Structure formats: structure tokens, C-alpha cells
Amino acid sequence: MKKTATFFFILLLLTLLLIFAVYRDLSLLYFINMSFYVGGAVLFMGILGFVTQKGFFDGISYSFRRIFRAKYESGDEMEDIPRLSGIVSMDLRPALLSGLMLLVIMMISLYIYYL
């Protein structure tokens, strides 16, 4: 939980820095726009990493290995290539939760904006 809170505050700081870098002014509308971009990008990368980690793309990479097997002289080199799900081994929950929390804050801000 501590990692998630730290990552969330880093995302909030990044959002504020991007607001000042892009818009050079702070307003609720600018916060809604930038938090959507930052939260959506983090959530998208977290979901992509999660899907990769669970082995969804292993079948595709195995198919490519079988197709391009003729390029290699021996099959031993093909077996040395790790599965794609084995490459992504980090904990993605803090990124997923932080991106989701930022998008929830964005939705609350959007509700306040339209009141």
C-alpha cells in the first residue's frame, strides 16, 4: 500500500508539472485534461504489462519462433529464447491502482466542473 501511495503522489506531481509545462496556468479544466492523459497512460501500460505477465502473448511469440526456426541452424538457439511472460516479472498492482485512483480523482473533478 505504501508503494501505491508513493506512486500516486508521484503521478499527481507529474500531472501538476505537466500542467505548468503545457498550459502555463493552473485551472480545474487543465487538471482534468492532464490527469486523464497521465492516468490513462499509466493504466494502459499497467494493463498491457498485466496481460503480458499472465501469458497472453506467449502463443504469438511461440508461433513466430516456429515460423522463423528455419533461420537458425539448430533448434537449441530457439529454446534459449525466454517466454514473453517470463520477461515481465515486476509487481504491477501499484501502477494499476495509482492510475485508477488518478482517473477517479479526474472523474470527481469533472463532476465538480460541471456543477
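The legends below accompany close-up views of a predicted model.

**View 1. Helices α2 and α6 side by side.**
Here we look at helix α2, which covers residues 28–53, packed with helix α6, which covers residues 93–113. The crossing of α2 and α6 is left-handed. Sorted by class, the residues in the contact of α2 with α6 are 19 nonpolar, six polar and no charged.

**View 2. L96 in helix α6.**
L96 belongs to helix α6. Is L96 buried or exposed? L96 has a relative accessibility of 18% and counts as buried, since the cut-off for buried is under 20%. Setting aside residues up to four places away in sequence, L96 touches L43, G46 and I47. For a sense of scale in this view, 15 Å separate the C-alpha atoms of L96 and K54, two residues that stand 42 residues apart along the chain.

**View 3. Helices α1 and α6.**
Next comes the pairing of α1 with α6, whose axes are 9 Å apart and pack at an angle of about 50°. The two helices, α1 and α6, are therefore oblique to each other. This crossing, of α1 past α6, is right-handed. On the α1 side, the residues that meet α6 are K3, T4, F7, F8, L11, L12 and T15. On the α6 side, their partners are P94, A95, L97, S98, G99, M101, L102 and I105. By class, the contact of α1 with α6 comprises ten nonpolar, four polar and one charged residues.

**View 4. Helices α1 and α2.**
How do α1 and α2 lie, and at what angle do their axes cross? The axes come within 9 Å, and the crossing angle of α1 and α2 is roughly 130°. That makes α1 and α2 oblique to each other, therefore neither of the parallel classes applies. The handedness of the α1 and α2 crossing is right-handed. From α1, the residues F7, L11, L12, L14, T15, L18, I19 and V22 meet Y30, F31, M34, S35, V38 and V42 from α2. The residues in the contact of α1 with α2 divide into twelve nonpolar, two polar and no charged.

**View 5. The largest nonpolar core.**
This view gathers the ten residues of the largest nonpolar core: F8, L11, L12, I19, F31, M34, V38, V42, A95 and L102. Helices α1 (2–22), α2 and α6 are the elements that give two or more residues to this core. Apart from this core lies another, of five residues, which include I32, L43, L103 and M106. As background, nonpolar side chains in soluble globular proteins tend to be buried together.

**View 6. I19 and its contacts.**
I19 is one of the residues of the largest nonpolar core. Which residues is I19 in contact with, leaving aside its neighbours within four places in sequence? They are R24, D25, L26, Y30, F31 and M34. Of these, F31 and M34 are also listed in the largest nonpolar core.

**View 7. R24 and D25 in the loop between α1 and α2.**
Two residues of this loop deserve a friendly introduction. R24 lies in the loop between α1 and α2, and D25 has its place in that loop too. R24 counts as exposed, at 68% relative accessibility, whereas D25 is partly exposed, with a relative accessible area of 42%. The phi angle of R24 is near 60°, a positive value in a residue other than glycine. Not counting residues up to four places away in sequence, D25 touches I19, F20 and Y30.

**View 8. D58 in helix α3.**
Our last stop is helix α3, which covers residues 58–67 and holds D58. D58 is buried, with a relative accessible area of 15%. Beyond its neighbours within four places in sequence, D58 is in contact with R83, L84 and S85.

Definitions and conventions: Residues are numbered from 1 along each chain as its sequence is written. This is a predicted model: local features need pLDDT of at least 70, side-chain atom pairs count only at pLDDT 80 or more; totals for chains, interfaces and linings use all residues. Side-chain values use heavy atoms; hydrogens and water are left out. Axes are lines fitted to C-alpha atoms, for helices over the stretch in contact, and angles run from 0 to 180 degrees between N-to-C directions. Helices (H or I, at least four residues) and strands (E, at least two) are DSSP runs, numbered from the N terminus. A crossing is left-handed if the near helix is turned anticlockwise from the far one by less than a right angle, and right-handed if clockwise. Ala, Val, Leu, Ile, Met, Phe, Trp, Tyr, Cys and Pro count as nonpolar, Asp, Glu, Lys and Arg as charged, and the others, Gly among them, as polar. A nonpolar core is a set of buried Ala, Val, Leu, Ile, Met, Phe, Trp, Tyr and Cys residues joined through side-chain atoms within 4.5 Å. Buried means under 20% relative accessible area, exposed over 50%, partly exposed in between (1.4 Å probe, protein chains only). Contact means heavy atoms within 4.5 Å. Angles under 35 degrees count as roughly parallel, over 145 as roughly antiparallel, 65 to 115 as roughly perpendicular and the rest as oblique.
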